[in-house]
Amino acid sequence: MQHCLELLKVREEHVRLLISRQITDEGDPRCGGFRTPEFHVEPRESGFFLSELITVYVTPGSGLYLNAEVEQAIRRVLAYMERHQRPDGCFDLSPCNFASPPDTAFMVNAMLNGWWLLEKCGAPQCDFMREPIRRLIDKASRGIAAGGFHTPNHRWAIASCLLSCEKITGNPALGERARQYLSEGLDINEDGEFAERSAGNYNQVNDDQMIRLFLATGDRTYLEAAARNLEMMYCYLDPDHSVFTNNSTRQDLGRKVYADTYYILFLLVGWLLKRPDLGRMAEWIYQDCRGRGAYPNGVEWLLLFPEMDGYGAEEPFTPPFQRYDRLFPASDIARIREGRWSCSLLRGKANCLYFQHGAFSVYLVIYGNLCDRRNFLADTLEKTDDGYRMRAHAAGWYYLPFDEPPATSDWWAMDNPNTRQRIEGLPLDTTLTIIKQPDGVDLRLTTEGIDQLPLRLEFAFLPGGLVRTEHFIQPALPGGSVNVLDGSVTAIGPGGEGISIGPAFGEHCVQQRMGGAYPLSAGHHTVFFTAYTPVDRVIRIRAVDPEYRP
């Protein structure tokens, strides 16, 4: 199936909205910029929006082809950008970065798509913008090359931008700077994970830059890196087609996002590598996106490479993400999925397990306060014959007096953590064994070492449905909780999906939570299972289809 015309119409609608938000008062210093809903004008966004305006203006078949209103909007935004470009050539990302080389690189990369479409258009009505855009690119690229970056992905945005700008401006210093970044080597591991570990955002940012690096250099190494990351993404799709983000190291942590932005990446990499399997995945993402009433981006790429549109879509497709069972050791995560349910295990995190049935999910935190260790934090995560095993060691400790009097009596001036001896108290060794079952997982929780430590298993469910046992039924309210003594707990999500957990156990009602502990979620409904160490319990978590009755 081909989608370019449909996405072009969507882009036309967005351009009309942009024009309605553009400041046209010539007495306003922000004239030509675009107001956000917060009445703010973001300088960096101007380049992204300029590319959108160019796309509909220079494309024959667009309802806004050579449109006079769009032409005026382009003239205004070009004037705005010339006024708001910093002396070094860079633009601001005003929430955090001013005169920012990496943020300018992202902006220019977006502009390049419009520039390449402009190059394909020979209409004389387009000539007014060619030289101003070239000047913007020339000045911006000099600022990008002279500046630096913050995070790993910035290097690839800068390098791909400079290599492309070198071809436009003829400035060899840009390519030299780009090759300095590229000489550091790509930050992608054997599993296909980039250093920033961000399935909800920066994976797709990196994949986009890998594609641009390939287009600028012809080196398939970059395409193959993107393909490896895209293949890894199969293991990050949950049963409701959302992307698992609870192990991210960036701002997408815990956000509910979908794979929409990956549509054009799968399509581009599939077409460029002649891999129709990736093209078929692109089509699946497109249809999933449409099923939620949304549209993916990417029309500029389809216009630049029209023969790519629909690549692989006509061949039969068996979703490769319906079943997986994979450990990502470098990323401290294991992911399991069997059709309608998925399970995620996270090493080193208090929210150590997530289980999801359809769109309904629960996560597990084990609270067992021993000295300064508040929660179970797995030191190891290993694969077994029938599942996984997580182990954690904790112990109390106590400072000893200095052998010699310290130089100061000021406690805070003493370097206690590094210079004062301490002894280890009683240990607690906890093992969580996860055994995969057809409709869920079994958890075996065992402890060795200290006894009589009050342990609390906190199962945090998404709210909006019901929680019931053999003895009660109640609404699952945000911030609510219940301490269950026995039986089996079934939580029912707003969409009717159910998750059962049991058998429950309740040996105490210790609710205190000391500083540094993983917080009790105000946005979830928490079910407590409690016990004293030593513990040897098996808990079954299952995806179920319950009836709405006690």
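Which loop holds Pro503? Pro503 is found in the loop between β20 (498-502) and β21 (525-532). The legends below describe close-up views of a predicted model.

View 1. Gly502 belongs to the range of β20 (498-502), while Pro503 is in the loop that runs between β20 and β21 (525-532). Pro534 sits in the loop between β21 and β22 (536-544). Most peptide bonds are trans.

View 2. Ser242 has a relative accessibility of 2%, so it counts as buried, the cut-off being under 20%. The side chain of Ser242 makes a polar contact of 2.6 Å with the side chain of Asp240. Another polar contact, at 3.4 Å, links the side chains of Ser242 and Lys256. Leaving aside residues up to four places away in sequence, Ser242 touches Tyr236, Leu237, Lys256, Val257, Tyr258 and Gln356.

**View 3. Strand β8 and its pairing with β7 and β9.** Strand β8 spans residues 351-357, and seven of its seven residues are buried, so the strand is largely enclosed by the rest of the structure. β8 pairs with strand β7 (residues 341-346) in the antiparallel sense, over five bridges. Trp341 has His357 in β8 as its bridge partner. Four residues separate β7 and β8 in their hairpin, and Gly348 in the turn has a positive phi of about 80 degrees. With strand β9 (residues 360-370), β8 forms six bridges, again in the antiparallel sense. Asn351 stands opposite Val365 in β9. The hairpin of β8 and β9 has two residues between the strands, and Gly358 there takes a positive phi near 60 degrees.

**View 4. Arg197 and Lys274, two residues with positive phi.** Most residues other than glycine have a negative phi. Arg197 is not a glycine, yet its phi is positive, at about 45 degrees. Arg197 lies in the loop between α7 (172-182) and α8 (202-217). With a relative accessible area of 16%, Arg197 is buried. Lys274, also not a glycine, has a positive phi of about 55 degrees. The loop that holds Lys274 is between α10 (263-273) and α11 (276-291). Lys274 is exposed, with a relative accessible area of 53%.

Definitions and conventions. Residues are numbered from 1 along each chain as its sequence is written. This is a predicted model: local features need pLDDT of at least 70, side-chain atom pairs count only at pLDDT 80 or more; totals for chains, interfaces and linings use all residues. Side-chain values use heavy atoms; hydrogens and water are left out. Buried means under 20% relative accessible area, exposed over 50%, partly exposed in between (1.4 Å probe, protein chains only). A polar contact is a pair of N or O atoms within 3.5 Å; within protein, one must be able to donate a hydrogen and the other to accept it, and residues adjacent in sequence count only if both atoms are side-chain atoms. Contact means heavy atoms within 4.5 Å. Two strands pair if DSSP finds at least two bridges between them.
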